[in-house]
Amino acid sequence: AIILDEAAASSNTSKFNEEEHAIFLISFGESAANSSFLERSILAIRRRGDFDGPVAVLTDAPGVRYEGLFDENVAIVRPKEVDTQMK
């Protein structure tokens, strides 16, 4: 996890710093899991955005769906099934 201290959070610097920023993507649903949109998004972040920092992906896709596709700076996070159920 990246934690910003109060001084960094209130800094007025406009320079993007990979040590202080992360990208968070959400990919839910069968159509999202069956598309290549997430892969293309991360590829664009890395190549076009020139961002090598951390990327977190919150998804309900099956465990093997994204296995081995991304570098070590991409974290795949899955919610507990109970947290995704409607009451």
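**Confidence and fold**

Modeller: This is a predicted model. The protein averages a pLDDT of 78, and 71% of the residues score at least 70.

Biologist: What is the pLDDT over residues 1–10?
Modeller: Below 50. Beyond near neighbours in sequence, that stretch has eight contacts in the model.

Biologist: OK, on to the sheet. In what order do the three strands come?
Modeller: The order is 1-2-3. The sheet is open, and the pairing is parallel.

Biologist: Which strands are at the edges?
Modeller: Strand 1, residues 23–27, and strand 3, residues 74–77. Each of them pairs on one side only.

Biologist: How are neighbouring strands turned against each other?
Modeller: By 20° on average, ignoring direction.

Biologist: How many bridges link strand 1 and strand 2?
Modeller: Five, in the parallel sense. Strand 2 covers residues 55–59. As for facing residues, isoleucine 23 stands opposite valine 55 in strand 2.

Biologist: And which strands does helix 3 touch?
Modeller: Strand 1, strand 2 and strand 3. Helix 3 spans residues 37–47 and packs on the sheet. Its direction makes about 170° with that of strand 2.

Biologist: Which residues of helix 3 are buried?
Modeller: Leu38, Glu39, Ser41, Ile42, Ile45 and Arg46. Seen down the axis of helix 3, the buried residues fall within an arc of 160°, so they line one face.

Biologist: What do those buried residues pack against?
Modeller: The buried residues of helix 3 pack against strand 1, strand 2 and strand 3.

Biologist: What about the face turned away from the buried side?
Modeller: There, helix 3 carries Phe37, Arg40 and Arg47, which are exposed.

Biologist: Switching topic. How many residues make up the largest nonpolar core?
Modeller: There are 11. Among them are Leu25, Ala33, Phe51, Val57, Tyr66 and Val74. Leu38, Ile42 and Ile45 belong to this core as well.

Biologist: Where does the largest share of this core come from?
Modeller: From helix 3, with three residues. Helix 3 and strand 2 each supply at least two.

Biologist: Last one. What is isoleucine 45 in contact with, leaving aside neighbours within four places in sequence?
Modeller: Isoleucine 45 contacts Ile23, Leu25, Asp50, Phe51 and Val55.

Definitions and conventions. Residues numbered from 1 in each chain as written. Predicted model: local features only at pLDDT ≥ 70, side-chain atom pairs only at ≥ 80, totals over all residues. Heavy atoms only, no water. Pairing = 2+ DSSP bridges. Helix = DSSP H or I, 4+ residues; strand = E, 2+ residues; numbered from the N terminus. Axes fitted to C-alpha atoms, helices over the stretch in contact; angles between N-to-C directions. Contact = heavy atoms within 4.5 Å. Buried < 20%, exposed > 50% of the residue type's maximum accessible area, 1.4 Å probe, protein only. Arc of directions from axis to C-beta. pLDDT = per-residue confidence, 0-100. Core = buried A, V, L, I, M, F, W, Y, C linked by side-chain atoms within 4.5 Å.
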